[in-house]
Amino acid sequence: MSEQQDAEGVQDEMLDGDAAAATDSETLEDGASVAETAADANVAPMQVGITGARRSAAWASAALDVSPAGPTLSFGFNLQKVPDQGEDSDPIVRDGRELGLVGVFDGMGGAGGTVYETPDGPRTGAYLASRVARDVVEERMLALLDPDWNLDGLAAARDVRQSVKSALAETLTALNAPTSGLRSRLLRALPTTMAIMALQRREPRRGRWAGHLFWSGDSRVYVFNPGTGAHQLTRDDLRDRGDALVNLRQDSLVSNAMSADTDFVVHHHQVELTAPFLAVAATDGCFGYVRTPIHFEHLVLASLRDSNDTESWSGLLQQRIAAITGDDASMAVLGVGADQAEFRELFDARTQEIERRCVVPLDELEAEVSAAEQAAAEARRRHAALQTSLWAAYKPEYERYLGREEDR
C-alpha cells in the first residue's frame with residue numbers, strides 16, 4: 001500500500017466482547033451455495049442498478065450533489081443467481097460534496113439457511129439479515145457522517161454494532177420462529193457479512209481524504225490507485241487465515257459475522273487517501289471466483305478501459321462477473337477526483353502493465369496446463385484401451401493350464 005494510503009497510527013480495533021465473538025462465531029461457514037454460471041448477464045432479474053435512497057440533511061442538499069469537490073463517479077449493482085432470492089442486499093452507494101459511503105452485505109446462506117414465513121413469502125435468514133443490516137447501517141452512517149467534523153471511527157463502530165445487533169434481534173423476535181434444542185452449531189439466526197468505507201474530505205487543496213473502514217466477515221473494501229493498482233483495505237474474518245491468493249485456493253469457515261443470536265465484532269481501520277482514487281466495496285461473489293487477486297484488479301480495470309461511460313462500465317463488470325461467479329455478487333463503486341473518461345486514461349498504463357506482465361502470461365500458461373491435462377487424459381484412455389486389447393489377445397495362452405473357472 002502506498003504512503004498516501006497509510007493509516008495515521010490507527011490500527012484494527014475490536015470492540016467489547018471481542019474474545020467471545022471470535023470464539024462463538026468460529027463455526028460459521030460462508031454459506032452461499034454454488035449455482036450454475038449464468039448464461040446471460042443481461043437478464044433483468046440478475047441486474048439491479050442502485051439509484052435513490054434516504055439521505056440525512058448533510059447529504060440531501062442539491063448543492064452537495066452537483067459540486068465537483070466530492071466523488072464524481074458512482075454506481076452499484078446486485079447480481080442474483082436466483083431472481084428475487086439473492087442473499088446479497090443492494091449495496092450502499094452515497095456521495096456528497098465532502099463525503100462518500102460504499103458498502104456491501106452478504107447474507108450467509110449456509111449458516112442462515114433457515115426459512116421464515118414473511119409477508120413477501122418464504123425468505124431465508126440470510127436474505128433477511130443482509131437487508132436488515134444494510135438499512136440500519138445506511139441510516140446510522142448517514143446520520144454520523146458530517147462534512148464539518150471528523151468521524152470518531154471507534155465510536156461509530158460501536159454504534160453500528162449495537163444498532164445492527166438490536167435490529168437483528170428484533171427482527172428474529174418478530175418472525176416468531178420456533179426454537180429447537182437440536183440446533184446445529186453451524187447454524188446462525190440471521191447471519192450476514194458487512195464491509196463499508198466512509199469517506200471524509202480532509203484537505204481540499206491537496207485532495208486528501210480520510211477513509212474509515214468497518215467490517216464483519218469476508219466481504220471486502222478496496223481502493224484502486226492509478227499508480228499502484230488495487231489495495232485490499234479490510235482483512236477477511238476467516239478461521240484459517242491466509243493471504244488473498246491462499247483464500248482463493250482453500251474454503252475456510254467465516255470466523256466472525258453479524259447475526260441475531262451470537263455476539264460479533266465490527267472492526268475499524270482508518271486510511272489516508274489522496275485523489276484521484278476509486279473506492280470499491282464487493283462481496284465474495286465478485287472476487288472469489290477469479291484465478292488470482294491480480295485477475296480481480298484486471299477485471300475491474302479492463303472493464304473500465306472497454307467502457308464508454310459509467311453505465312457501460314457497470315454493465316461490463318456485471319456481465320464479466322456473472323460469467324465466472326457461482327454466487328450472488330454485489331459491488332459499490334465511488335470515483336473521487338476524476339470522471340469516467342479521466343479514470344480510463346489514468347488507469348490505462350496500469351491496466352496494460354498487469355495485463356502484459358501478469359494476466360496474459362498466467363492465462364497462457366494455464367491454457368498450456370489445461371491442454372497438457374487433456375492430452376494426458378486422452379493418453380490414459382488410449383493406454384487403457386491398448387492394455388485391454390493386448391491382454392485379451394495374450395490371455396488365452398497365458399491361462400492355458402489353469403483349467404476352466406467352473407471346474408474349480
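Biologist: Where does leucine 190 lie?
Modeller: Leucine 190 lies in the loop between helix 5 and strand 6. Helices (DSSP runs of H or I, at least four residues) and strands (runs of E, at least two) are numbered from the N terminus. This is a predicted model, in which local features need pLDDT of at least 70 and side-chain atom pairs count only at pLDDT 80 or more, while totals for chains, interfaces and linings use all residues. Residues are numbered from 1 along each chain as its sequence is written, and side-chain values use heavy atoms, with hydrogens and water left out.

Biologist: What makes the phi of leucine 190 worth a remark?
Modeller: Most residues other than glycine have a negative phi. Leucine 190 is not a glycine, yet its phi is positive, about 55°. Aspartate 84, in the loop between strand 1 and strand 2, also has a positive phi, near 70°.

Biologist: What about threonine 192, buried or exposed?
Modeller: Threonine 192 is in the loop between helix 5 and strand 6. Its relative accessibility is 0%, so threonine 192 counts as buried. Leaving aside residues up to four places away in sequence, threonine 192 touches several residues, among them Phe105, Gly107, Ala133 and Met258. Contact here means heavy atoms within 4.5 Å.

Biologist: What makes the pair of threonine 192 and aspartate 106 a polar contact?
Modeller: A polar contact is a pair of N or O atoms within 3.5 Å; within protein, one must be able to donate a hydrogen and the other to accept it, and residues adjacent in sequence count only if both atoms are side-chain atoms. The backbone oxygen of aspartate 106 is 3.3 Å from a polar atom of the threonine 192 side chain, so the distance falls within the limit.

Biologist: Why is aspartate 309 called a cap of helix 9?
Modeller: One of its side-chain oxygens lies 3.3 Å from the backbone nitrogen of glutamate 311, at the N-terminal end of helix 9.

Biologist: How do you know what span to expect for helix 9?
Modeller: The expected span is 1.5 Å times one less than the number of residues. Helix 9 (residues 310-324) has 15 residues, so 21 Å is expected; from first C-alpha to last, the helix reaches 22 Å, which is close. Its buried residues include Trp313, Leu317 and Ile321.

Biologist: What makes strand 3 and strand 6 a pair?
Modeller: Two strands pair if DSSP finds at least two bridges between them. Strand 3 (residues 99-104) and strand 6 (residues 194-203) have 6 bridges, in the antiparallel sense. In one of them, valine 102 has methionine 197 of strand 6 as its partner.

Biologist: Why are strand 2 and strand 10 described as edges?
Modeller: The open sheet has 5 strands in the order 2-3-6-7-10, with antiparallel pairing. Strand 2 (92-95) and strand 10 (267-274) each have a single partner strand, so one side of each has no neighbour in the sheet.

Biologist: Why is the pair of tyrosine 222 and phenylalanine 296 called tilted?
Modeller: Rings of Phe, Tyr and Trp (its six-membered ring) pair if their centres lie within 6.5 Å; planes under 30 degrees apart count as stacked, over 60 as edge-to-face and the rest as tilted. These two centres are 4.9 Å apart and the planes make 35°, so the rings pair and the pair is tilted. Tyrosine 222 is in strand 8 (residues 220-225) and phenylalanine 296 in helix 8, so the pair ties together parts 74 residues apart in sequence. Both residues are buried.

Biologist: Which strand lies opposite tyrosine 222?
Modeller: Tyrosine 222 stands opposite glutamine 232 in strand 9. Strand 8 and strand 9 (residues 229-232) run antiparallel, joined by 4 bridges, and form a hairpin with 3 residues between them.

Biologist: Which peptide bond is cis?
Modeller: Most peptide bonds are trans. The bond that joins alanine 275 and proline 276 is cis, with omega about 5°. Proline 276 lies in the loop between strand 10 and strand 11.

Methods
Buried < 20%, exposed > 50% of the residue type's maximum accessible area, 1.4 Å probe, protein only.
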